[in-house]
Amino acid sequence: MKYHQGAIGLRKTKAGKDLKIQLSCNPSHLETVNPVVEGMARARQDELRDGHGKTREETYAHILPMLLHGDAAFAGQGVVMETLQLAGLPGYRTGGTIHLVINNQIGFTTSPGLSRSSIYSTDAAHITHTPVFHINGDDPEAAFRVAQIALDYRREFNKDVVIDLVGFRRLGHNEGDEPSYTQPVMYARVKAHPGTRHLYAEQLIREAVITAEDLTAMTAKVVEKYEGILARAKEIAVKKPARAILPVVAAEDDGSAVLETGVSAAVLKQVSDKISLVPDTFNINPKMVGQLARRAKMGDGEVSMDWAFGEAMAIGSLVLEGIPVRFSGQDSGRGTFSQRHANMYDTMTGDRWAPLNELRNEATPNARAYIFDSSLSEYAVLGFEYGYSVVSQQQIVAWEAQFGDFGNGAQIMIDQYISSSEDKWQQMSRLVMLLPHGYEGQGPEHSSARLERYLQLCAENNMQVCYPTTPAQYFHLLRRQVKQEIARPLIVMTPKSLLRLPAASSTMAELETGGFQSVIDDSRIEDRSKVKRVVLCSGKVYYDLDAARETASATDVAVVRLEQFYPFPAAKLTEIFASYPNAVEIVWTQEEPQNMGGWAFVEPRLRAILPTDSTLQYIGRTASASPATGSYAIHNLEQGKLVNDSLNITAAETSAAG
């Protein structure tokens, strides 16, 4: 389909009812649109359920997802199986999908015997016991009857069904193709085939259903209809005004203003009590008793809050304001690092207790928080959540990777939809991606969320890429995502070791006022004129730098945190650099190897705003093919060196101070 542009149409049924048909925008990557359509359908169903008081089953009768597949792609693309596996899961079911496989028997140019190991292209559907109907494309009446059966099956059982329509492409892949290069025998038979329309017309004439004259009149009527549609389309194209350009915030000027996203102490207390107090009838896991007691202390301000508590405050406060929240991912209920515990299970019955789900706003009681554990899929689940976010733009829809580098498995969704759909199709989304990232010396796997890949995709203010360092920053960032006027995807580098690091904590007061800060200046500096070097960094490495600086008494170095990479807060950084009048060195420090992380992205942008007579220097690991070393000892040596080099202190100073 040209440009793979989506469309919306309205048709009248024989009963006189309106039937809305929506074709999703889709990239050229085969089958990629499947989970996106499922997410869009689920979002529509949830709107009916929450906004009109319908049951889940009642919504199935109103919204039907239908997927069109190619035979080679259905057999060859793994996202097909991933999407099929979502069909029966509580957070993803849509009441059954009609899968129509347009079976041309050659894919692009490859014969079935070279493109699949199974007999039928649809055998993958048997994994989920999905019924499959194989139809001869030369039999229109059989195809129509099977379509009726498929709809009846879906209506009765709310499950998927597959229709395998076996036919051929008369001209090959497109009008300019030459299929006989690769399928000479098959296309000799195709050339001799009179065509399905001709065969069916002859059958109707033989059965005296129509006459030859009727056929001629019917054919002329259809041709006339198509010619009329083409003519009207050309007229519309001439009269249609140029596409309105959506307002875009200049990336270089973003970040200086802070959107107020604070929440009252009373609301925060309500959320805190809800996640800390266990119902009398619930048998809590003994290991959770201490954690819940700590939650209560955080809510009372007796101890500083950790990351998971700040997140819960954001989710709960949004729900109490009538804004729904949907979180999903692998093990998201408990959290990969046993930090979230949004869903807890009765030790006697196994029943689930989700305290955030019990919060309500009286004016919008259907706005709730759902935290779903997903199947072990990145590609399909991220696509599903993206599709959901396209339809439900006034809520938080978040996908969390078990580890940040698991996003690698969903790269097609990131490239084809999340980063580019607004530019390609004017399709907006507020999707949030949560990607655990940080170097703790645990080896190459799961250290890096591949920050550099997301930054490479940034342009035209298409998305936001942030690396917050405190629970309060994360709290305000999540709230900003739904409060800001412009809808853009949000990519968040989330922590691992910082989840419980005492230094990486916040107070309740920080949630009551203010908002997300794209840059955090150094609050330890008392005399800014003494600063000779400004170290700019992002994320976890800040705490290593801060601890080493305090230990070694490095008073002439300021450590500034870049919390938002894109849109790049050039104005705010320029202001901060100017506030250190004697700083002649600007240093970018990162944990990641030089060819990864943020360096390649920030270097040209920093040089553009570099103060006069100042130099810019990179300090970090050297370029590497692997995200991290596999040796814990080497990791510590590398980390120690980049910290000392950044602060301009020696290893001996660090040891003496320690």
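Student: Why is Lys-12 called exposed?
Tutor: Lys-12 has a relative accessible area of 61%. Exposed means over 50%, buried under 20%, and partly exposed in between (1.4 Å probe, protein chains only). So Lys-12 counts as exposed. Keep in mind that this is a predicted model, where local features need pLDDT of at least 70, side-chain atom pairs count only at pLDDT 80 or more, and totals for chains, interfaces and linings use all residues. Residues are numbered from 1 along each chain as its sequence is written, and side-chain values use heavy atoms, with hydrogens and water left out.

Student: What makes Lys-12 and Asp-18 a salt bridge?
Tutor: A salt bridge needs a side-chain nitrogen of Lys or Arg within 4 Å of a carboxyl oxygen of Asp or Glu. Here the N to O distance is 2.8 Å. So the pair of Lys-12 and Asp-18 qualifies. Side chains of opposite charge can pair when their charged atoms come close.

Student: How many salt bridges does this rule give?
Tutor: The count is 28. Some join up: Asp-522, Arg-524, Asp-546, Arg-549 and Glu-550 are linked in a network.

Student: What about Arg-340 and Glu-400?
Tutor: Their side chains form a salt bridge, 2.8 Å from N to O. This pair links distant parts of the chain, 60 residues apart. Arg-340 sits in the loop between strand E7 (325-329) and strand E8 (344-345), and Glu-400 in strand E11 (residues 396-400). Strands are DSSP runs of E, at least two residues; helices are runs of H or I, at least four; both are numbered from the N terminus.

Student: Why is Arg-340 called buried?
Tutor: Its relative accessible area is 7%, so Arg-340 is buried. Glu-400 is buried too, at 7%.

Student: Which label does Glu-585 get, and why?
Tutor: Glu-585 has a relative accessible area of 24%, so it is partly exposed. Its salt-bridge partner is Arg-533, with the closest N and O atoms 3.2 Å apart. Arg-533, at 6%, counts as buried.

Student: How do you know that Gln-45 is buried?
Tutor: Its relative accessibility is 0%, so Gln-45 counts as buried. Gln-45 lies in helix H1 (residues 33-52).

Student: What does Gln-45 touch?
Tutor: Contact means heavy atoms within 4.5 Å. Not counting residues up to four places away in sequence, Gln-45 touches Arg-56, Thr-59, Tyr-60, Ile-63, Arg-93, Thr-94 and Arg-154. The Gln-45 side chain also reaches the backbone oxygen of Ile-63 at 3.3 Å.

Key. Polar contact = N/O pair within 3.5 Å; in protein donor to acceptor, adjacent residues only side chain to side chain.
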